[in-house]
Amino acid sequence: MNISSQCFDVVVAGGGQAGLIAAIVAAEAGATVCLLEGAPKSYRGGNTRHTRNLRPMHEGPLSVLSGVYDEEEYWDDLLRVTKGKTNEPMARMMLRESAGCVDWLEKRGVQFQPPLGGTLHLGRTNAFFMGGGKQLVNALYRWAEGLSIEIRYDAKVTDIAFENNRFLGAYVGDEWIKGKTFVAAAGGFEANVEWLREAWGPVADNFLIRGTPYNRGELLKLLLDKGAMQIGEPDQCHAVAIDGRAPKFDGGICTRVDCVSLGIVVNKDAKRFYDEGEDFWPKRYAIWGRLVAKQPDQIGHVIIDTKSKGAFMPPVFPAETASTIEELAIKIGLDPQTLRETVDQFNAAVQPGKFDHTELDGLATAGLEVNKTNWARPIDSPPYSAYSLKPGITFTYLGVGVDQSARMLMSDDTLSENIFAAGEIMAGNVLGEGYLAGIGMTIGNVFGQIAGREAAKYALNN
Amino acid sequence: MRSTTNIDEAARVMTICNACRYCEGHCAVFQAMELRLEFNTENLDYLANLCHNCGSCFHNCQYAPPHQFNLNVAAVFADLRQENYAVYAWPAPLGRLFSQNGLWVSILTAIMLGLFMAGGAILTGADFFAAHPNQFYGVISHNVLVTLFGSVGIFVFIALSLSIRKFWRAMSLPSPLSLDWLNVWTGIKAALSLKYLDGGNGQGCSYPTEKPSMLRRWFHQATFWGFMLCFAATSTATVMHYGFDLPAPYGYISLPKFLGILGGLGLLVGPIGLMMLKLQADPAIKGRSNGGMDTSFLVLLFGTSLTGLLLMLLSQSSWVGPALCLHLGFVMALFLSMPYGKFIHGFYRLIALVAFAVEQQKHQAVVGVVEPDPDMIKVKNLG
């Protein structure tokens, strides 16, 4: 066993945005910091590598953000998506703190993307990282190196020594790393298929994991086993329908399929099972993972005709195409007769109206068991295209409880003295359900700063 | 339409990039990509020539190796440029000079240096190492120089023009007479300011390391404007010679000298800086097939400038003969390699940027499009 003689003021587990920020804030406050990143250097940054933006509150134009996005509007959005599964005082504190996120990052070399002509109106609520989350990761690692933070790669925490709600040190394999405080920022368990199977049963074997294969939730499990308060349930996850041909792990953003609202979706029995035109796609894409997960073999097929070509973000894999519905069915392994009937019934049920994909156009079907309530155009213009769909897990909600100073709560409602948590591992405290674009990064940013500040304060006073 | 492994790889990479789009803020490549659904030889040649090989998109890529998608836009476009420089070259057989470019440029330079040294020595005989009242014209006469460089210049001009015309047509641009000159001006501005070497927001691109830096832009500007000032110096001297009967040599306080000295300094600082950055740069983004093309071009520019300044300093001494021949050797090698070396990149980049300005104004793909696609919508990935 290696026993380092050094006792760090702050030991941070997890090298994504939350952990990096906690480490940087603590080091800037004068603490000695060791950052343990479980992945090799090339895959550092956890799921931050796959992110694109954060969502800061602002009372006026802020850096690349236009207009106003104030606490009340933000709170309304959060309340709506979580259906009340949040902690209002903590959430409001976080929303207010988020106003400083962009400035904090920019001062440390992170770049944001100026608005481009012609893009959507997200310039008001979401600040986009130039080049994506990996740019943020790279910039913060550079900054951390400049602060002489000891950064270890391939350093997954395998055990922690814990006594009377107090952290003593962490094991990375055989190595013992002693610290006065500990920041747990090692993400969720979405890449741990065995754990997903415990929660979901065998269907979990057909899930694809959109993010890093290194988020296996080992630290989360350690903390829960040692008596941390559990937040959320293991079967809660953000699941979208992604291309069935995506890699098992790490496919990221490009594997999404954005044409569901333009066509019909059938299961392996060639039957439709949900209203494809319920609402705008960005508002609905996160329910389709779960919908597909409930279908036999966890597979779906979205079918469009040539009218929809070019009207959605180009998918990463080419569509299966055919000049007849039957031929298409054979290509994608469905029963041609049944698919023909499904399409015919759908086409016959389409009511008159004017198609307009930019609004809820009310162009609907009538009389079907499952109606499509918007954008229902007949699937009748060859060539026809099909994309297969599988559930793609983005992140999990299960986590540890924290208070507003990011201190970890124990299952008996007491506070840990020197363990803090930040990022996905505690996001469920604020986001008990649902999702808002950029909210995950905002939680990680704010709680990363709080955890770093509080950990440094504790370590430097003890 | 040619089909090569570089085209296939570029199409594969762009298809993944087009489904991701996180890099759209970095440069024109990604904004042009977003106007398309499919990638073909023409639009990939276009995208490749919009790329400055800065590496920002590589360092910031969530799919960069070791990820199985193995994306490296900078490298694949570097290789594709090397390939399409050859494709658009005139006369076509000389396109093969783009492979192993560094080698043949070095050989050419050595030959030119040797020829001029030998020629100078033969022409002046014992006076090769002597001062001349007429300075360098005393070594080789004005008329010989004009005949020699004039005829080579005409060939270079024709070769460049025809290569450029071929590329221009591949970019689906209309005849220069029916162009919208506002778009041309937008393209020229982007080219002259090296707009897309700013990383997308003025902080610089990831070159030579992952850390954003403006160094490449500054050194490239020193090189480019250094070259242009030297060109202006020669042009001014030509006008003074023929228009005002004021032949060289000129004093230090004269327009040709002023422009030439300033340009010469730019051509010392710029190439040295670019060379130093190149040595530090991540080898991952360089591509496989540059074959020393960039380096040989920088060495030629540097050599031309250094020997030019030396000649100026030595023009009244007995070393004027060797200094002149050395300088002329470099200039001739630079001239001859213009249509078949790195020099050509400026023209193709400029044309690609003009095409980009046209497309941005129309919000529609133009290059490589069989029929325009009015239904293309612009959407953004939230991540």
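**View 1. A:S148 sits in a loop of chain A.** This loop runs between helix α5 (133–146) and strand β5 (150–152) of chain A. Helices (H or I, at least four residues) and strands (E, at least two) are DSSP runs, numbered from the N terminus. The model is predicted, so local features need pLDDT of at least 70 and side-chain atom pairs count only at pLDDT 80 or more, while totals for chains, interfaces and linings use all residues. Residues are numbered from 1 along each chain as its sequence is written, and chains are lettered from A and ligands numbered from 1 in the order in which they are written. Is A:S148 buried or exposed? A:S148 counts as exposed because it has 10 C-beta neighbours inside 10 Å. Here, a residue is buried if 20 or more other C-beta atoms lie within 10 Å of its own, exposed if 12 or fewer, and partly exposed in between, with C-beta atoms placed from the backbone. The phi of A:S148 is near 60°, which is positive even though this residue is not a glycine. Most residues other than glycine have a negative phi, and most peptide bonds are trans.

**View 2. B:N53 is another residue with a positive phi.** Its phi is about 55°, and B:N53 is not a glycine. Look for B:N53 in the loop between α3 (41–50) and α4 (56–59) of chain B. B:N53 counts as buried because 23 C-beta neighbours lie inside 10 Å.

**View 3. Two peptide bonds are cis.** In chain A, the bond joining A:P382 and A:P383 is cis, with omega about 0°. A:P383 belongs to the loop between α11 (336–349) and β15 of chain A. In chain B, the bond from B:W90 to B:P91 is cis, and its omega is near -10°. You can find B:P91 in the loop between α5 (73–88) and α6 of chain B.

View 4. Two strands pair if DSSP finds at least two bridges between them. Strand β6 (residues 159–163) and strand β7 (residues 166–172) of chain A pair in the antiparallel sense over five bridges. Which residue of β7(A) is the bridge partner of A:I160? That partner is A:A170. Two residues lie between β6(A) and β7(A) in their hairpin, and A:N164 in the turn has a positive phi of about 45°. Next, β7(A) pairs with strand β8 (residues 175–184) of chain A, antiparallel over four bridges. Here A:Y171 has A:W176 of β8(A) as its bridge partner. This hairpin has two residues between its strands too, and A:G173 takes a positive phi near 60°.

**View 5. Strand β15 of chain A has several pairing partners.** 13 of the 13 residues of β15 (residues 384–396) are buried, so this strand is largely enclosed by the rest of the structure. Strand β9 (residues 208–209) of chain A pairs with β15(A) in the parallel sense over two bridges, and A:L208 has A:G392 as its bridge partner. Strand β11 (residues 237–243) of chain A runs antiparallel to β15(A), joined by seven bridges, with A:I242 opposite A:K390. Strand β13 (residues 300–304) of chain A is antiparallel to β15(A) over five bridges, and A:H301 stands opposite A:S388. Strand β14 (residues 320–322) of chain A pairs antiparallel with β15(A) over three bridges; there, A:A322 is partnered by A:Y384.

**View 6. A:N47 is buried in a loop of chain A.** This loop lies between β2 (33–36) and β3 (53–54). A:N47 counts as buried because it has 28 C-beta neighbours inside 10 Å. Leaving out residues up to four places away in sequence, A:N47 touches A:G16, A:G187, A:G211, A:T212, A:N215 and A:F395. Such a contact means that the C-beta atoms, placed from the backbone, lie within 7 Å. By comparison, A:I287 is 240 residues away from A:N47 along the chain, and their C-alpha atoms are separated by 21 Å.

**View 7. Chain A has two assigned domains.** Domain 1 covers 3–189 + 213–229 + 399–461, and domain 2 covers 240–392. These bounds come from an automatic or database domain assignment. How far apart are the C-alpha centres of the two domains? The C-alpha centres lie 37 Å apart.

Terms used
Two residues are in contact if their C-beta atoms, placed from the backbone, lie within 7 Å.
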